[in-house]
Each structure stands twice: as C-alpha cells, then as structure tokens.
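Reader: I have a model open and would like to go through it with you. Could you start with a loop residue and then move on to the sheet and the pockets?

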Amino acid sequence: MEEEIQIYCDGGCRGNQKRKNVGGWGVVLIYKGAIKELSDGAIDTTNNKMELTAAIVGLSAIKNKQTPTKVYLDSAYVLNGITNWIYGWLKNGFKDSKKQPVKNQELWQELYKLKCEFKNIEFIKVKGHSTNAGNNRADELCNMEMDKLQNN
C-alpha cells in the first residue's frame, strides 16, 4: 500500500449566527501510524468559518506536499466548495450565482492555494457523529475548545 497522509477535520459553533457564540475546530493528522492533533477556538465566529479553518490548518501542517493526502471532513459546504464551487468563483471574481461576494472569501482563497500545492490530494466526505474514529476525534477536539471558551 502506498504511503498516505490522512487528515480528519471538523469545526463547530455553539450559538451559530448569534452574538457571543463560541466556535472550535479540531484536526487529526495520521501518517505511518503517528498521530498529531491540533485544535483551537474562536469567539463570535460561524460554523462554516471553523470548518474551513480546520481544513486550512490541517493542510498547512503538512510539510511534504508530494505525499498522497486524503482530507476527511463531514462538511458538505467545505467539500462542495473546494471540489466544485471554487472553480466558478475563481472565474467570476469570487461572486456567487446571485452576483454577491462569496462569504468567507479569504478562507476559500487560502484553502484553494494550499490545495494547489499538493501533488495528489483528495477530499472525502464522511458522516459526522458516526463510526469514523478520526472524524469523531476531530469533533471531540472541536468540542473541547468550545468548552474551554464557554467556561472562561
């Protein structure tokens, strides 16, 4: 089997779309049996920003962009955005189908830039809160960060 890097990403926000919300993201990196975990949180954010941030941080942590990399996420928003919608946005100056500016444009641009640095990268949708151990751990990390922020 060819060596590959696995990245599990998750983001969340408690009180999404409300003032005084707390968000968090978690990333689990697996390579040759070694596991590295990354996480952090933010106040006054959105679920989508946290999902995008998790993917950006995960990809940014990879030094060898030549190694095949699989990014597992439970966010249809991030998956569809980076594998499909991004190409229309690039062509249309980051305007959506209604000619409005794309939300989270800076994060999308950063994620796309990182994606393009990889020789072999695949984004894979997994079911959240299910039987995927990597995704469940990323979710736990995300929730730990939100807990920290709520308890401060």
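Author: Phe94 lies in the loop between H2 and helix H3 (105-117), where helices (H or I, at least four residues) and strands (E, at least two) are DSSP runs, numbered from the N terminus. This is a predicted model, in which local features need pLDDT of at least 70 and side-chain atom pairs count only at pLDDT 80 or more, while totals for chains, interfaces and linings use all residues. Residues are numbered from 1 along each chain as its sequence is written, and side-chain values use heavy atoms, with hydrogens and water left out.

Reader: OK, and is Phe94 buried or exposed?

Author: Phe94 is buried, with a relative accessible area of 6%; buried means under 20% relative accessible area, exposed over 50%, and partly exposed in between, with a 1.4 Å probe and protein chains only. Its phi is near 60°, a positive value in a residue other than glycine.

Reader: What about the phi of Asp44, and where is that residue?

Author: Phi of Asp44 is near 55°, also a positive value in a residue other than glycine. Asp44 belongs to the loop between E3 and H1 and is exposed, with a relative accessible area of 52%.

Reader: Switching to the sheet, what is the strand order?

Author: The order is E3-E2-E1-E4-E5 in an open sheet of 5 strands with mixed pairing, two strands being paired if DSSP finds at least two bridges between them. Strand E3 (34-43) and strand E5 (121-125) are at the edges with a single partner strand each, so one side of each has no neighbour in the sheet. On average, neighbouring strands of this sheet are turned by 15° against each other, direction ignored; the axes are lines fitted to C-alpha atoms, for helices over the stretch in contact, and angles run from 0 to 180 degrees between N-to-C directions.

Reader: How many bridges join E1 to E2, and how many join E1 to E4?

Author: E1 and E2 run antiparallel and are joined by 10 bridges, with Tyr31 in E2 as the bridge partner of Ile5. Strand E1 (residues 5-14) and strand E4 (residues 69-73) run parallel and are joined by 5 bridges; on this side Gln6 stands opposite Lys70 and Ile7 opposite Val71.

Reader: Why is E1 described as largely enclosed?

Author: Because 9 of the 10 residues of E1 are buried, it is largely enclosed by the rest of the structure. Helix H1 (residues 47-60) lies across E1, strand E2 (22-31), E3, E4 and E5, and runs at about 155° to E1.

Reader: Pockets next: what volume does the largest pocket have?

Author: Its volume is about 250 Å³, taken as the space filled by probe spheres set on grid points that are joined across faces, edges and corners. A pocket here is an open set of points on a 1 Å grid over the protein atoms alone, where a 1.4 Å probe fits, with protein on both sides within 12 Å along at least five of seven lines, and lining residues have an atom within 4 Å of a point. Of the 14 lining residues, the closest to the centre of the largest pocket are Asn48, Tyr77, Val102, Lys103 and Asn104.

Reader: Which residues is Tyr77 in contact with?

Author: Leaving aside neighbours within four places in sequence, Tyr77 is in contact (heavy atoms within 4.5 Å) with Asn48, Leu52, Trp85, Lys103, Asn104 and Trp108. Tyr77 itself is in helix H2.
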